[in-house]
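I opened this entry to record what I looked up in the structure.

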Amino acid sequence: MAGEGEEDVPRDAKIVKSLLKSMGVEDYEPHVIHQFLELWCRYVVEVLTDAQVYSEHASKSNIDCDDVKLAIQSKVNFSFSQPPPREVLLELAARGEREMRLLSVFKIYTYDGRF
């Protein structure tokens with residue numbers, strides 16, 4: 001499991017192991033390291049591919065730091081949605097409360113047979 005055969009482990013695998021250890025994960029299956037490395041590699045390839053597209057769109061011959069930053073920001077914005085503003089949530093809660101009161105009145109008349 002963790003800590004077996006440290007001398008022949010690639011550098012990236014050692015980094016993943018140290019990340020897991022820093023998060024308090026001491027016991028894991030060996031394939032977890034490979035899964036993290038695969039995910040890591042796929043993410044980097046996607047970010048660099050997007051950065052290349054942004055660089056080409058800006059008519060630049062090389063990818064620069066701004067292209068990579070924009071690609072990462074695009075991924076973050078696409079992957080993680082922000083919660084709606086507080087005002088919207090309060091309005092939805094108030095509307096839902098009114099609808100729930102109406103439904104409860106409707107259920108009383110429907111189920112008690114007093115309609």
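Which residues are exposed on the other side of α1? I found Arg-11 and Ser-22 exposed there, where exposed means over 50% relative accessible area, buried under 20% and partly exposed in between, with a 1.4 Å probe and protein chains only.

**Basis of the entry.** I am reading a predicted model, in which local features need pLDDT of at least 70 and side-chain atom pairs count only at pLDDT 80 or more, while totals for chains, interfaces and linings use all residues. Residues are numbered from 1 along each chain as its sequence is written, and side-chain values use heavy atoms, with hydrogens and water left out.

**Fold.** I counted four helices and zero strands, in the order α-α-α-α along the sequence. Helices (H or I, at least four residues) and strands (E, at least two) are DSSP runs numbered from the N terminus.

**Helix α1.** I checked the length of α1, residues 11-22: its twelve residues should span 16 Å at 1.5 Å a residue, and the end C-alpha atoms are 16 Å apart, which agrees. The expected span is 1.5 Å times one less than the number of residues. I then listed the buried residues of α1, which are Ala-13, Val-16, Lys-17 and Leu-20. They lie on the same side of α1 because they cover an arc of only 100° around the axis; the arc is taken from the directions from the helix axis to the C-beta atoms. Their cover includes α2, residues 31-57. After α1 comes Gly-24, with a positive phi near 90°.

**Core.** I looked up the largest nonpolar core and found seven residues: Val-9, Ala-13, Val-16, Leu-20, Tyr-28, Val-32 and Ile-33. Such a core is a set of buried Ala, Val, Leu, Ile, Met, Phe, Trp, Tyr and Cys residues joined through side-chain atoms within 4.5 Å. The elements giving two or more residues to this core are α1 and α2, and α1 supplies the largest share, three residues. Leaving out residues up to four places away in sequence, Val-16 touches Ile-33, Phe-36, Leu-37 and Trp-40, contact being heavy atoms within 4.5 Å.

**Whole chain.** I noted that 12% of the 115 residues are buried.

**Confidence.** I recorded a mean pLDDT (the predictor's confidence in each residue, from 0 to 100) of 83, with 82% of residues at 70 or more. Confidence is highest in α2, at a mean of 95, and lowest in α4, residues 86-112, at 70. Where pLDDT is low, predicted coordinates should not be read in detail.
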